[in-house]
Structures are given as C-alpha cells and as structure tokens.
Amino acid sequence: MDFSDQQLIVDYLKGDEESFKILIKRYLKPIYNFVYQYVNDPQEAQDITQEVFVRVWRYLKKFNQKKNFKTWLFQIAKNVSIDFYRKARFHGGERKNISFSDFENEKGENILTETIPDPGPLPDEILERSDIGQQLAKATKKLSLNYKNVICLYYYHHFTFQEIAEILSAPLNTVKSQHRRALSILKKILEKDFN
Amino acid sequence: MLNNYEKLFGHLNSQEPPVNIFDRIILLIQQEKERKRTKKILFIFSILFVISLIITPLSFNIFINQIKDSGITYFFSTAFNDLDVFIALWQDFSLAILESLPLMGLLTFVFSLAVFLFTFRLFFRRKKLLIDYLFSHQHLHNII
C-alpha cells in the first residue's frame, strides 16, 4: 500500500522510523539525479545527496505540513548543491563541470536568446534517432545551470512551473521564460548535431 | 509542442545512485542523533557540575558551622575523655547526639557532594564521547 508523503511524515513524527526510510527510498534517485546535474561527479553527487537527507531529517519537525513536501525537499537539494559549489570555489577547487553561461545575467536571461521566438516542435527525424538519449544528454550539458534546472524539474521530475519557481526561488515568469529559452537552445543544438 | 518535448525527455537517461547510499544516509542520521544526545548530556553535565561545584563547599561550611553550634562536639569530647560515663549513659548520649545533629545541613552537603561525584563520574564514563564531540563539532563546520 502506497502512503502519501504527508501520511509518512505524520507517522514518522509519531515515532514510526520506517516511514522516514520509505520517504528516503522514494526520493533517493530523483534527488541524486537532480544534484548530479550540478556537479557531474558521482562521488560529489553522493555526498550532497547524503547531506540533503540528513538536513531533511534535522528539519522535518519544523516542516509546514500544509506545504508540498516534494517541493521543500528539492529546495533543500538546490540549496545544498549551491552551498557545495560555492565552498568548492572558495577553497580554490575547479568547478569545470558546472556551466554558467557567459552570456547570462544574474536573472538567468541570456542576451543571445532574448530575441528567439517560441521554439516550435522538434522535427520527428531528430526524435527517431537511435542515439537520441546520448545526444540529448550532451546537449543538456551545454545548457546553463538555470536552464538545466528548469528543464529537468519540468520534464523529468514533473513539477509545475509554480513549484519550480518555489524550488528555485525565482519569479514564475522568469521560470517560464527560462523554459522557453532552454528549449530554443536545445532545439538549435540538436538540429545542428543532426545536420 | 509540449508533447513533442516530453517525448524527447523521455529518452533522457537517469543516473543510478550508488548501491550503499541509503545505508550511508541512515548511518549519518544515527550519528547525528548520537551527537544531539551527547550535546544534551554535555549541557546537563555542565550545569550540574557548576552548580555542585558552588554548592558543595558552601554546604560543607554551613554544615561545619551547624556542627559547632549544635554542641555535638561536646558530646564527642565527653565520650572520648570519660569513656566509662559514656558507656554507662550511651543511650542518652546517642539520643542527644541525634537530636542535635544538623540534619538539613548534613543532607544538603551529602546531596551536593553526590551530585558533584555523579557529574564527575558521568564525565569519565563518557569522556571519549564528549571529547570527540567537542573536537569533531568544530571540524564539522568545515565539511559540507
């Protein structure tokens, strides 16, 4: 029998330790994949994922149960990932794996894509390629972190734009714009690779 | 358009987390729980230790003064100097000693001494744990 997140939290706070373990198992892979895009390194992604769930355990009693647990969880994951990235940069570590676009300002607006209209659908030939998974992974890596986050949270983790805006602490319109721009860039990259 | 891109992202391969990550998370949480417990013990130990450190000598002084004022020393000196008298009247002497014993002072002193010894014992029993906590707690701030 599948329990909702809320039910598991209530049971855990009443003393059922197994409920929290079920919660961890439920979100372990999605969180791991989410933080992986920040660091592109399995060991670092593991460290961050561990820290995420320790923080969830630490602050679960303070969690407002009227809110969406999944959104709160991903907010923590985002914050821990950013903290890790900043500490690594502060200590002089090389963060080659995380790409922030040179053409993006702090709001995540890319001046090169400002004038790009709605991307339109992808040609079917691209979707029918046998190596589309690999091509997509390569293309996604070329996106800036902000765009990657929006795309992955929307298509892979199935959050709504409103939830993504909460997770990323960004205005809703910014998230929608980033989504549109990300698709435009992806489409260009995939079409270029195809041709 | 959305269906088209949803179909595209259906091909996105996900990363599999390492096999033992769940166990490591549980272990880290257990360690965190232990650390919290240790912190509580350290706090309680510190409070009790400080209180007993202040109260024990104070209560000892009060007890000694009460002993002097109560006249028990007279009974004891009589017992040592005139042992025959003491033996003959030992019941009366014993009753007199018990009546003049500063019970509250004695109890306060014994209690504060017991607390002092208890906190010391607590420290020695959990010495390794507490020292590890004190030094590792500093170190933790440097880790993610």
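In chain B, helix α2 (residues 21–70) packs against helix α6 (residues 103–125) at an angle of about 150°, and their axes lie 8 Å apart. Axes are lines fitted to C-alpha atoms over the stretch in contact, with angles from 0 to 180 degrees between N-to-C directions. α2(B) and α6(B) are therefore roughly antiparallel (angle over 145 degrees). The crossing of α2(B) past α6(B) is left-handed, that is, the near helix is turned anticlockwise from the far one by less than a right angle. Residues of this contact (C-beta atoms, placed from the backbone, within 7 Å) include F45(B), L48(B) and F49(B) of α2(B) and G105(B), L106(B) and T108(B) of α6(B).

The model is predicted: local features need pLDDT of at least 70 and side-chain atom pairs 80 or more, while totals for chains, interfaces and linings use all residues. Residues are numbered from 1 along each chain as its sequence is written, and chains are lettered from A and ligands numbered from 1 in the order written.

Chain B has seven helices and zero strands; helices are DSSP runs of H or I with at least four residues, strands runs of E with at least two. Of the contacts in chain B with a separation of 6 or more, 81% join residues 24 or more positions apart.

Between the chains, 30 residues of chain A are in contact with 22 residues of chain B. α3(A) gives the most to that side of chain A, with 10 residues.

Terms used:
Two residues are in contact if their C-beta atoms, placed from the backbone, lie within 7 Å. Angles under 35 degrees count as roughly parallel, over 145 as roughly antiparallel, 65 to 115 as roughly perpendicular and the rest as oblique.
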